[in-house]
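Please keep the structure open as you read.

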Amino acid sequence: MRIALFVTCLADTMFPEAAKATVRLLERLGHEVVFPAEQTCCGQMHVNTGYQREALPLVRRHVRTFDPYDVIVAPSGSCVGSVRHQHPMVARRAGDERLAGRAEDVARRTYELSELLVDVLGVTDVGAYFPHRVTYHPTCHSLRMLRVGDRPLRLLRAVRGLDLVALPAAEQCCGFGGTFAVKNADTSTAMLADKMRHVLATGADVCTAGDASCLMHLGGGLSRLRTGVRTVHLAEILAATEHRDTADGRNRLGVGP
Amino acid sequence: MSQVFLGMPATAPAGVGHLRGTESFPRAARRALADPQLRRNLGHATTTIRAKSAAVIDELPDWAQLRAAGSAIKTDVLARLPELLVQLEAKVTEAGGVVHWAADANDANRIVTDLVRATGSDRVIKVKSMATQEIGLNEALAAAGIEPVETDLAELIVQLGDDRPSHILVPAIHRNRAEIREIFLRAMPGVDPALTDEPAALAAVARRYLRQTFLSTRVAVSGANFAVAQTGTLAVVESEGNGRMCLTLPETLITVMGIEKVVPTWQDLEVFLQLLPRASTGERMNPYTSMWTGVTSGDGPQAFHLVLLDNGRSAVLADRTGRQALHCIRCSACLNVCPVYERTGGHAYGSVYPGPIGAVLSPQLTGVADNASLPYASSLCGACYDACPVGINIPELLVHLRDQVPHPRAEATAMAAAGYTMDRPRLYEAAQRATRLGRLAGRRGRGLPPPLTGWTASRDLPEPPEQTFRQWWAQR
């Protein structure tokens, strides 16, 4: 299958390992990955901070860039959530019904990584090997906007060598929330503190999730406290094999101890 | 169909009532977060209610359908609010009640004060009510020399403690029983100093105090959970029975009700009486449901006044997206599941409506400029939307309101620049390369200027990679 990668601006700029892992994983499964170079950012930060007018050109660019592809994947629940729920809204608010329709059409062909693997490609065992104790944080937008359910857990359970431990109070937000983390830094930090407490209680060496943004927040906190727990994107675990442990060694989210 | 624009309806006036805080949410939250007792009390209480509510909701196989029905009824009500209110007025009047229309808090306070004065009473007993908290009725009555006595146990704790409510359903949620004992000893007349902090002992002294007040006060003031337009019937749901006392014992009953509380028929009540207790207190059915229609000779209050309160609600109604906030039935499920509320408590929101619903309702009632920080008091995690028994899409509303907030100039400039850059791939790539200069920000970003210090105070900043994804892709 020919799959277009919607890399997301954050993974492209700060966490390329998650994006590279997505490419390696899909190619290993026998698919062709293409990268439309005209893509930049989906505009979620603008929309969520109250700048829908400024987001409109980004929505238009995203729709134009991805319209030619049948299947689109992003290693982020949050950005896929934005494409599905916000793009048509931004277009409608600007009075552009045609763009809204095209945005809905692109959104229907856009999948978060675990959705693509389980629902479209029909695999749960991707042949990965990752011999570590791992806990999974279901990020809010994957959980409540996309309803990915247990798809990521089914994928993780099939990874050889992986010891999956349940995260207490998993469904509570980690406190990232985009610009919320800066505008309401104290509240965000209080939420982070509780999330870190739960992660540490699992005794896991690795905390994983489907969103680099939440992991950046969690990883930043875990690093500041020198906990030694690494944050690794789900794609990196699924891309890891006996031959190539892409997620081993240093913290791929770059905020390791 | 032609439309005549008559101007925007007024928002709730400033200087009266409790819809505006004195400081921004982040500032108020900072102080609340520094109080470990508050966080413990809140964490314990919200976790308990959350579990209880989830368990009784799980019992109903048709919860999703009930929720959809609740939402549909409210949508219908808002679509024909004027006609339903006129019908309600006619039916209440027919049944011997008197209906008053209050455009705002000042109107409502004046109407109620005049009505109490006319009875000659210098004291009123009060049923727990959000509408009267919203308009600051207690302060207005006190200024007129009339003593308002809150009879809901938690509201009484708040009143005696000279405090503010911090939760819609559990106004004293921020207090534990040791603190409540101290408040009773200090402020309640005739309390034995040997009082313990056992819940039963605390309830017993409150009961003794309230019984005397119920039996010696001639006027009561209540809010309303629902009003049935079909028959002119008012409804109050509660747990303690103190509301029932207020609604039945006095000679005069004055009810202040937000105009969005009207429902068309009794059949519609069936839906809400199932939704509300399960979402709110986690009960299958609330212990007391009081309903009354006008006055009945020889039974209950012989004078009944209904004050219909707008106070910004018409302005909310005028916003096609924003109006769904008026669906709210004040269950507080969204507060109990909100990770922000759980940590900051209700006072940080500055308004009597705290939590996620407060963050979308208060700014709309006052106009967003007067509560500009509230739409940002959320990480947009979406737990509130899932919990809302009438399906209010609170995250959507928050984003909608953020778009209307007057933005700080520096932020607006940065956002415009980011938008411009991100719509030009060449510039975008240049900006990505500049991220590498982020190393100049010092190790782990600790040398960054404000507002980015908000991040680095508690979190290390990731190190920019050697190569962006698109550079790697181009070299493959």
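In this predicted model, A:L5 stands opposite A:V73 in β3(A). These two residues belong to the pairing of β1(A) with strand β3 (residues 72-74) of chain A, where 2 bridges join strands that run parallel. Within β3(A), the bridge partner of A:A4 is A:I72. A:A4 also has a bridge partner in β2(A), namely A:V34. Strand β1 (residues 2-5) of chain A and strand β2 (residues 32-34) of chain A run parallel and are joined by 3 bridges. Strands here are DSSP runs of E with at least two residues, helices are runs of H or I with at least four, and both are numbered from the N terminus. Two strands count as paired if DSSP finds at least two bridges between them.

A note on conventions: residues are numbered from 1 along each chain as its sequence is written, while chains are lettered from A and ligands numbered from 1 in the order in which they are written. As the model is predicted, local features need pLDDT of at least 70 and side-chain atom pairs count only at pLDDT 80 or more, whereas totals for chains, interfaces and linings use all residues.

**The sheets of chain A**

The strands above sit in an open sheet of 4 strands, with the order β2-β1-β3-β4 (chain A) and parallel pairing. Its edges are β2 and β4 (110-112) of chain A, each pairing on one side only. The twist averages 35 degrees from one strand to the next.

Chain A also has an open sheet of 4 strands in the order β6-β5-β7-β8, again with parallel pairing. Here β6 (163-165) and β8 (230-233) of chain A are the edge strands, and each pairs on one side only. From one strand to the next, the twist averages 35 degrees. Inside this sheet, A:T135 has A:C207 in β7(A) as its bridge partner. The parallel strand pairs with their bridge counts are gathered here.

| Strand | Partner strand | Bridges |
|---|---|---|
| β1 (residues 2-5) of chain A | β2 (residues 32-34) of chain A | 3 bridges |
| β1(A) | β3 (residues 72-74) of chain A | 2 bridges |
| β5 (residues 133-136) of chain A | β7 (residues 206-209) of chain A | 3 bridges |

**A helix pair in chain B**

Helix α16 (residues 355-366) of chain B and helix α18 (residues 394-402) of chain B have axes that come within 10 Å and cross at roughly 40 degrees. That angle makes α16(B) oblique to α18(B). The contact involves B:P356, B:I357, B:A359, B:V360 and B:P363 of α16(B), together with B:I394, B:L397, B:L398 and B:L401 of α18(B). Residues are in contact if their C-beta atoms, placed from the backbone, lie within 7 Å. By class, this contact has 9 nonpolar, no polar and no charged residues. Nonpolar covers Ala, Val, Leu, Ile, Met, Phe, Trp, Tyr, Cys and Pro, charged covers Asp, Glu, Lys and Arg, and the others, Gly among them, are polar.

**Where the chains meet**

The contact between the chains takes 54 residues from chain A and 49 residues from chain B. On the side of chain A that touches chain B, α11(A) gives the most, with 7 residues. That side has 27 nonpolar, 18 polar and 9 charged residues.

**Confidence**

Over residues 248-257 of chain A, the pLDDT is below 50. Where pLDDT is low, the predicted coordinates should not be read in detail.

Conventions:
Contact = placed C-beta atoms within 7 Å. pLDDT = per-residue confidence, 0-100. Axes fitted to C-alpha atoms, helices over the stretch in contact; angles between N-to-C directions. Parallel < 35°, antiparallel > 145°, perpendicular 65-115°, else oblique.
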